[in-house]
Amino acid sequence: MTMSAFEFIQKEGYTLVRQPDGPELGFHPGSGVKIITVDGLAFKSFDGSDALLPYEDWRLTAAERAADLASRLSLDEIAGLMLYSPQNKLPMPADTYGGRPFADSGAHAWDLSDDQKRFLFEDNVRHVLVSIVESPVTAARWNNTVQAAIEGRTHGIPANNSSDPRHSGFADAEFAPGAAGQLSQWSNLMGLAATFSPETVLDFARTARREYRAMGLSTALSPQADLGTDPRWYRFNATFGCDPKLATDLVKAYAEGFQAAPGSPDGGWGPGSVNTMAKHWPGGGSGEGGRDAHYGNGKYAVYPGRAYATHRSVFLNGAFALPGATEQCSAVMPYYTISYGRGEANMGNSFDRNIITDQLRGEAGYSGVVCTDWCITADQIDPGTHSGKPWGCENESVAARHYLALKAGVDQFGGNDAKGPVLEAFAMLEAEIGAEAARARIELSAARLLMNMFRPGLFENPYVDPAETARIVGSPELMDKGFAQQKASIVMLKNHACALPLKAGTKVYVPVRQVPPIRNYWGTIEAARTDMPPTAQMKRSGLIPVSDPAEAEAAIVFIDSPKSFRMGYDPADKAAGGNGYIPISLQYRPYTATTARSRSLAADPAEDTTEAGRSYRGKSARSQNECDLDLVEEVRRAMGDRPVVVAIDMSNPTVLAELEPLADAIMVGFNVQRHAFLELITGNGEPSALLPFEMPASMEALERHCEDLPHDIEPYRDADGNTYGFAFGMNWSGPISDDRTRRYGN
């Protein structure tokens, strides 16, 4: 068969080759790649020769191709393959383009910045994390720019671009409103969990997979398979809740939907697949006191309830046991934490050989890529500053940290885009075990990493058509699916005297909400803002907005769940002679931890602490948005006995004892649009979601619980006698009892 049998189609930024009996091939004519024919079939020759190398032969298995290519790579190329870039914004606001700031450069948002050129060309980085982008079409064009630039280098290894979850109902913070192909908007993972529906999660994952691939994204840094057993944890709302069975089923559906290629009869890999990276082995949801391991103050995961195996079970029975032929999540990320008393050393999970090689590779039988969490090899500044996270290896050099992680069994270093320390680690490994054994070790990691490029077809065609991106991403069909799921994720907790639904034509007062400056988790102060009533959305839902509560027949108050000050560590306490540790509060009013542990479970030899260790007993914490409770109180007084509906955007389970008596109806959402709340409030749909966690009765009840145990928190009981426990939710008839509550309810 001659070249005339193939169809060459010029696309924006690349050429597409279609053949009747093989995969589509995408290449850039200026890259040096050559299309050759063997046995009447078309292949890409990455070195421009007429010889077909095994790794270029798409008829071979991914494993055969990966092993062949890994054996051909230099140490520099393997080092680059083991790197995973920090977050890349498109455009890069802090970088330069041709030596000039982006605004003065004349560059497009999809052009390569100077730093991106450096890590792609000099450090051979091929795994790139993409965060904020100008639009999905920009992401597609940037992908094509990257692929064309590197296609003729490093044996044609393509870029494996990736993203953290980006489909939240607040996605307009990432994609400009009105941009072509705005991403479809769904709830966050906690909202998906609130549906108690693996089928819904599977539908979401299949939708997200289509949009990811249309933007040039081939790896999802998700699902978060951590059990959310401690409600104070900052990353709680990105879990599937606290229940092992529910979380396992949803993780399995999520990964299956992303990885299984459309049209594959056995649910296997193909050109439409997206790799998933399950996180965070062996579970990151049991930090002592609810603190998070992004900071040194939260470096310890503790297991007072002896539920370590329960946390691992979501990986073993979910992420590593998929129903289709992809079998398991293609990558896994250990958490920053030191799993206190569960590894072989007092070290972060990625440095602990027992956690990675013995438990993950051996006991769990995991064969995919192990990628560290971001920046574990960088230096820490202090326990309360977001910086490096080398827990247990603070006194080691940067190169030695890479070496220890390699010895533990990891394949890749998250957040690192410089090959130098990796090459130093290779030299250390060779000095210890010899050149041959060291080469075999790193070649094994290289082959695993390459598998995640061969299986989704990136070597054949890493390009995407921007015109198709605009057509697919955020299409009306997908937008409708996302909005329907948002509505299905909202939990109605209270409906006293059938206050809801509100009838069409009801005069409704929504107060202006003043949000004070808030220090977010990363330490950045978010500017004060004013949240105006969603007047247009209210009208679309059939309500009549009024600005005077005296004229209103009902009121709706939109607020956030409490945002605790400093999230468990206050430098001012340390400066005043304390140990720095304070409570994380889930209530609006100030809280003093009079019943907390008098001595912490985990002791840190790197800190100069008191005999109480990291205990915060007797110390106080406050909510940064206490004004939200003030606002509800003001509206309650103004409305008298007329209905007050409270709609809470909930990041963490909340102590509602202060708020619940003030409300006639309470609805809880998880990163959903206010219009979704309004649709349910007015009866345009019926509430159907359930709590995927317990709502604590009090902070004292929370202090009594074990950080690692699910379902050991005393739940709140409201004035109507309903208990806000796991799997509780209401519809218009009252508390929900159905197949979901029978399957998962306790």
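The side chains of Asn88 and Ser85 are joined by a polar contact of 3.1 Å, where a polar contact is a pair of N or O atoms within 3.5 Å, of which, within protein, one must be able to donate a hydrogen and the other to accept it, and residues adjacent in sequence count only if both atoms are side-chain atoms. The model is a predicted one, in which local features need pLDDT of at least 70 and side-chain atom pairs count only at pLDDT 80 or more, while totals for chains, interfaces and linings use all residues. Residues are numbered from 1 along each chain as its sequence is written, and side-chain values use heavy atoms, with hydrogens and water left out.

## Buried residues in strands and a helix

Asn88 is found in strand β7, which covers residues 87-90; helices (H or I, at least four residues) and strands (E, at least two) are DSSP runs, numbered from the N terminus. Asn88 counts as buried because its relative accessibility is 2%, and the terms here are buried for under 20% relative accessible area, exposed for over 50%, and partly exposed in between, with a 1.4 Å probe and protein chains only. Not counting residues up to four places away in sequence, Asn88 touches Gln116, Phe119, Val128, Leu129, Val130, Ser131 and Ile132, and contact means heavy atoms within 4.5 Å.

Which residues does the side chain of Lys44 reach through a backbone oxygen? The backbone oxygen of Gly26 is reached at 2.7 Å, and the backbone oxygen of Phe459 lies 3.0 Å from a polar atom of the Lys44 side chain. Lys44 has its place in strand β5, residues 41-45, and counts as buried at 4% relative accessibility. Lys44 and Gly26 are 18 residues apart in sequence, and their C-alpha atoms are 8.7 Å apart in space. Leaving out residues up to four places away in sequence, the residues that Lys44 touches include Val33, Ile35, Glu56, Glu151 and Glu460.

Thr276 lies in strand β13, residues 275-281, and is buried, with a relative accessible area of 0%. The side chain of Thr276 makes a polar contact of 2.7 Å with the side chain of Gln259. Thr276 and Pro223 are separated by 53 residues in sequence, but by 7.0 Å in space from C-alpha to C-alpha. Among the contacts of Thr276, with neighbours within four places in sequence left aside, are Ala220, Ala255, Phe258 and Cys329.

Thr138 is found in helix α5 and counts as buried at 2% relative accessibility. Beyond its neighbours within four places in sequence, Thr138 is in contact with Leu90, Ala109 and Trp110.

## How the helices pack

Helix α7 (residues 198-214) and helix α8 (residues 244-259) pack at an angle of about 30 degrees, with their axes 7 Å apart; axes are lines fitted to C-alpha atoms, for helices over the stretch in contact, and angles run from 0 to 180 degrees between N-to-C directions. Helices α7 and α8 are therefore roughly parallel to each other, since angles under 35 degrees count as roughly parallel, over 145 as roughly antiparallel, 65 to 115 as roughly perpendicular and the rest as oblique. The residues that make this contact include Pro198, Val201 and Tyr212 of α7 and Asp249, Leu250 and Phe258 of α8. By class, the contact of α7 with α8 has eleven nonpolar, one polar and four charged residues, where Ala, Val, Leu, Ile, Met, Phe, Trp, Tyr, Cys and Pro count as nonpolar, Asp, Glu, Lys and Arg as charged, and the others, Gly among them, as polar.

The axes of α8 and helix α9 (residues 308-319) come within 8 Å and cross at roughly 35 degrees. In this pair, Pro244, Ala247, Thr248, Val251 and Lys252 of α8 meet Thr310, Ser313, Val314, Asn317, Gly318 and Ala319 of α9. By class, the contact of α8 with α9 has five nonpolar, five polar and one charged residues.

## Backbone details in loops

Thr154, in the loop between α5 (136-150) and β11 (160-163), has a phi near 40 degrees, a positive value in a residue other than glycine, and Thr154 counts as buried at 13% relative accessibility.
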